[in-house]
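User: Can you walk me through this model? I'm new to this, so please keep it plain.

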Amino acid sequence: MNRIIIHCGEGRGKSSSAAGVALRSLAHGRKVLAVQFFKPQPDSALLFLQKNISGNLCIKNYGSWYFIDHPDENAGIIFRNALKEIRDLIAGENYDVIILDEILYTTHFKILEEDEIISLLEDFDGKSFILTGRYAPEKLLETADTVSSINCVKHAFDSGIKAQSGIEF
(Lines give C-alpha, C1' and ligand atoms only; values in the text may rest on other atoms or scores of the structure.)
Protein backbone atom coordinates (compact mmCIF):
# COMPACT_ATOMS: atom_id res chain seq x y z
CA MET A 1 0.00 0.00 0.00
CA ASN A 2 3.01 2.29 -0.09
CA ARG A 3 2.15 5.47 -2.02
CA ILE A 4 3.54 8.98 -1.94
CA ILE A 5 1.11 11.57 -3.28
CA ILE A 6 1.74 15.31 -3.60
CA HIS A 7 -0.95 17.96 -4.05
CA CYS A 8 0.81 21.23 -4.88
CA GLY A 9 0.28 24.48 -6.75
CA GLU A 10 -1.23 27.93 -6.27
CA GLY A 11 -4.87 26.81 -6.51
CA ARG A 12 -7.30 26.07 -3.71
CA GLY A 13 -8.31 22.56 -2.70
CA LYS A 14 -5.08 20.77 -1.81
CA SER A 15 -5.99 20.24 1.85
CA SER A 16 -9.59 19.39 0.93
CA SER A 17 -8.33 16.76 -1.48
CA ALA A 18 -6.20 15.26 1.29
CA ALA A 19 -9.26 15.24 3.58
CA GLY A 20 -11.09 13.31 0.85
CA VAL A 21 -8.33 10.69 0.88
CA ALA A 22 -8.71 10.50 4.68
CA LEU A 23 -12.45 9.84 4.29
CA ARG A 24 -11.86 7.15 1.66
CA SER A 25 -9.16 5.50 3.79
CA LEU A 26 -11.35 5.51 6.90
CA ALA A 27 -14.19 3.96 4.89
CA HIS A 28 -11.83 1.07 4.13
CA GLY A 29 -10.97 0.60 7.81
CA ARG A 30 -7.53 2.16 7.64
CA LYS A 31 -5.90 4.24 10.37
CA VAL A 32 -5.12 7.84 9.37
CA LEU A 33 -2.76 10.37 10.90
CA ALA A 34 -3.48 13.91 9.68
CA VAL A 35 -0.72 16.39 10.53
CA GLN A 36 -1.34 20.05 9.78
CA PHE A 37 1.65 22.38 9.63
CA PHE A 38 1.15 26.15 10.09
CA LYS A 39 -2.45 25.57 11.22
CA PRO A 40 -3.01 26.04 14.95
CA GLN A 41 -6.49 24.46 14.89
CA PRO A 42 -7.71 21.31 13.14
CA ASP A 43 -9.55 21.60 9.83
CA SER A 44 -13.34 21.44 10.28
CA ALA A 45 -13.73 18.54 7.82
CA LEU A 46 -11.11 16.46 9.62
CA LEU A 47 -12.69 17.23 12.99
CA PHE A 48 -16.06 16.10 11.67
CA LEU A 49 -14.56 12.83 10.43
CA GLN A 50 -12.82 12.26 13.74
CA LYS A 51 -15.93 12.90 15.86
CA ASN A 52 -18.64 11.36 13.71
CA ILE A 53 -17.19 8.82 11.34
CA SER A 54 -14.23 7.05 12.85
CA GLY A 55 -11.99 6.69 15.84
CA ASN A 56 -9.21 5.69 13.42
CA LEU A 57 -8.24 9.32 12.74
CA CYS A 58 -5.67 11.24 14.75
CA ILE A 59 -5.18 14.96 14.05
CA LYS A 60 -2.08 16.89 15.08
CA ASN A 61 -1.42 20.59 14.54
CA TYR A 62 1.92 22.38 14.68
CA GLY A 63 2.87 26.03 14.37
CA SER A 64 0.84 28.92 13.00
CA TRP A 65 0.56 30.97 9.81
CA TYR A 66 2.85 33.50 11.55
CA PHE A 67 5.81 31.30 10.59
CA ILE A 68 5.14 31.78 6.86
CA ASP A 69 5.80 35.51 7.15
CA HIS A 70 8.42 35.07 9.88
CA PRO A 71 10.26 31.77 9.33
CA ASP A 72 12.67 31.86 12.23
CA GLU A 73 14.69 29.52 14.42
CA ASN A 74 11.58 28.87 16.53
CA ALA A 75 9.73 27.44 13.55
CA GLY A 76 12.61 25.06 12.86
CA ILE A 77 12.59 23.82 16.45
CA ILE A 78 8.82 23.33 16.47
CA PHE A 79 8.72 21.52 13.13
CA ARG A 80 11.75 19.31 13.84
CA ASN A 81 10.13 18.30 17.12
CA ALA A 82 6.95 17.67 15.14
CA LEU A 83 8.82 15.31 12.79
CA LYS A 84 10.13 13.38 15.79
CA GLU A 85 6.65 13.12 17.27
CA ILE A 86 5.23 12.06 13.89
CA ARG A 87 7.85 9.29 13.66
CA ASP A 88 6.91 8.08 17.15
CA LEU A 89 3.19 8.17 16.34
CA ILE A 90 3.59 6.24 13.09
CA ALA A 91 5.79 3.61 14.74
CA GLY A 92 3.61 3.29 17.84
CA GLU A 93 0.12 3.43 16.38
CA ASN A 94 0.72 1.70 13.04
CA TYR A 95 -1.02 4.30 10.88
CA ASP A 96 -1.71 3.29 7.28
CA VAL A 97 -2.12 6.76 5.76
CA ILE A 98 -0.24 9.87 6.89
CA ILE A 99 -1.32 13.29 5.66
CA LEU A 100 1.34 16.01 5.94
CA ASP A 101 -0.79 19.04 5.21
CA GLU A 102 1.14 22.19 4.19
CA ILE A 103 4.50 20.51 4.83
CA LEU A 104 5.77 21.72 1.45
CA TYR A 105 5.90 25.27 2.82
CA THR A 106 8.56 24.14 5.27
CA THR A 107 11.08 23.48 2.50
CA HIS A 108 10.20 26.61 0.53
CA PHE A 109 10.82 28.82 3.57
CA LYS A 110 13.91 26.81 4.53
CA ILE A 111 12.46 25.72 7.86
CA LEU A 112 13.03 22.03 7.09
CA GLU A 113 15.31 20.41 4.55
CA GLU A 114 13.94 18.22 1.76
CA ASP A 115 16.10 15.34 2.99
CA GLU A 116 14.43 15.44 6.42
CA ILE A 117 11.05 14.86 4.81
CA ILE A 118 12.36 12.25 2.35
CA SER A 119 13.96 10.39 5.26
CA LEU A 120 10.57 10.22 7.01
CA LEU A 121 8.94 8.84 3.85
CA GLU A 122 11.68 6.27 3.31
CA ASP A 123 11.79 5.13 6.94
CA PHE A 124 8.15 4.07 6.81
CA ASP A 125 8.04 2.00 3.66
CA GLY A 126 4.63 0.38 3.33
CA LYS A 127 2.78 3.51 4.49
CA SER A 128 0.98 5.94 2.24
CA PHE A 129 1.80 9.63 2.53
CA ILE A 130 -0.13 12.63 1.20
CA LEU A 131 1.90 15.89 1.15
CA THR A 132 0.31 19.26 0.44
CA GLY A 133 1.43 22.85 -0.04
CA ARG A 134 2.10 25.35 -2.76
CA TYR A 135 5.75 24.76 -3.47
CA ALA A 136 7.03 21.25 -4.14
CA PRO A 137 10.81 20.91 -4.37
CA GLU A 138 12.25 18.82 -7.19
CA LYS A 139 13.60 15.98 -5.03
CA LEU A 140 10.20 15.43 -3.43
CA LEU A 141 8.51 15.52 -6.83
CA GLU A 142 10.89 12.79 -7.99
CA THR A 143 10.20 10.73 -4.85
CA ALA A 144 6.40 10.88 -5.29
CA ASP A 145 4.33 8.30 -7.13
CA THR A 146 1.58 10.78 -7.99
CA VAL A 147 1.78 14.57 -8.24
CA SER A 148 -1.24 16.81 -8.82
CA SER A 149 -0.66 20.47 -9.50
CA ILE A 150 -3.73 22.47 -8.56
CA ASN A 151 -3.81 25.82 -10.32
CA CYS A 152 -6.23 28.67 -9.86
CA VAL A 153 -7.96 29.75 -13.05
CA LYS A 154 -10.50 31.97 -11.30
CA HIS A 155 -11.39 32.45 -7.64
CA ALA A 156 -14.30 34.14 -5.90
CA PHE A 157 -11.89 35.87 -3.49
CA ASP A 158 -10.55 37.90 -6.41
CA SER A 159 -14.07 39.31 -6.93
CA GLY A 160 -14.38 40.26 -3.27
CA ILE A 161 -16.55 37.28 -2.28
CA LYS A 162 -15.66 36.22 1.25
CA ALA A 163 -14.91 32.66 2.32
CA GLN A 164 -17.99 30.69 3.32
CA SER A 165 -18.19 28.03 5.99
CA GLY A 166 -18.80 24.64 4.48
CA ILE A 167 -17.22 25.72 1.18
CA GLU A 168 -13.75 27.16 1.87
CA PHE A 169 -13.46 26.12 5.50
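User: Let's start with strand 4. How much of strand 4 is buried?
Analyst: Strand 4 is mostly covered, with five of its five residues buried. Buried means under 20% relative accessible area, exposed means over 50%, and partly exposed is in between, using a 1.4 Å probe and protein chains only. Helices (H or I, at least four residues) and strands (E, at least two) are DSSP runs, numbered from the N terminus.

User: Before we go on, what kind of model is this?
Analyst: This is a predicted model, so local features need pLDDT of at least 70, side-chain atom pairs count only at pLDDT 80 or more, and totals for chains, interfaces and linings use all residues. Residues are numbered from 1 along each chain as its sequence is written, and side-chain values use heavy atoms, with hydrogens and water left out.

User: Back to strand 4. Which residues point which way?
Analyst: Val97, Ile99 and Asp101 point one way, while Ile98 and Leu100 point the other way. All of them are buried.

User: Which strands pair with strand 4?
Analyst: Strand 2 pairs with strand 4 in the parallel sense, over five bridges. Strand 5 runs parallel to strand 4 too, joined by four bridges. Two strands pair if DSSP finds at least two bridges between them.

User: Which residues are bridge partners there?
Analyst: Gln36 has Asp101 of strand 4 as its bridge partner. Leu100 has Leu131 in strand 5.

User: And strand 1, what does strand 1 pair with?
Analyst: Strand 1 pairs with strand 5 over six bridges, in the parallel sense. Strand 1 also runs parallel to strand 6 (residues 146-149), with four bridges. Take Ile6: Leu131 stands opposite in strand 5, and Val147 is the bridge partner in strand 6.

User: How many residues of strand 1 are buried?
Analyst: Five of the six residues in strand 1 are buried.

User: New topic. Where is Thr132, and is Thr132 buried or exposed?
Analyst: Thr132 lies in strand 5. Thr132 is buried because its relative accessible area is 0%.

User: What does Thr132 touch?
Analyst: Leaving out residues up to four places away in sequence, Thr132 touches His7, Lys14, Ser15, Ala18, Leu100, Asp101, Glu102, Ile103 and Leu104. Contact means heavy atoms within 4.5 Å.

User: What about the largest nonpolar core?
Analyst: The largest nonpolar core has 33 residues. Leu33, Phe37, Ile86, Leu100, Phe129 and Leu131 have the most contacts inside it. The largest share of this core, seven residues, comes from helix 4. A nonpolar core is a set of buried Ala, Val, Leu, Ile, Met, Phe, Trp, Tyr and Cys residues joined through side-chain atoms within 4.5 Å.

User: Pick Ile86. Which residues does Ile86 touch?
Analyst: Beyond residues up to four places away in sequence, Ile86 touches Leu33, Val35, Phe37, Leu100 and Leu120. There is also a second, separate core of 15 residues, which includes Leu26, Leu49, Val97 and Ile130.

User: Now pockets. How much space is in the largest pocket?
Analyst: About 880 Å³. A pocket is found on a 1 Å grid over the protein atoms alone: it is an open set of points where a 1.4 Å probe fits, with protein on both sides within 12 Å along at least five of seven lines. Lining residues have an atom within 4 Å of a point. Grid points are joined across faces, edges and corners, and a volume is the space filled by probe spheres set on the points.

User: Which residues lie nearest its centre?
Analyst: Of the 33 residues lining the largest pocket, Ser15, Ser16, Lys39, Asp43 and Glu168 lie nearest its centre. Helix 1 gives the largest share of that lining, five residues.

User: What classes are in the lining of the largest pocket?
Analyst: That lining has 14 nonpolar, 10 polar and nine charged residues. Ala, Val, Leu, Ile, Met, Phe, Trp, Tyr, Cys and Pro count as nonpolar, Asp, Glu, Lys and Arg as charged, and the others, Gly among them, as polar.

User: And the second largest pocket?
Analyst: The second largest pocket has a volume of about 170 Å³. Its lining has 11 residues, and Val21, Ser25, Arg30, Val97 and Ser128 lie nearest the centre. Helix 1 gives the most to this lining, with three residues.

User: Last one: Ser25. Buried or exposed?
Analyst: Ser25 counts as buried because its relative accessibility is 7%. Ser25 lies in helix 1.
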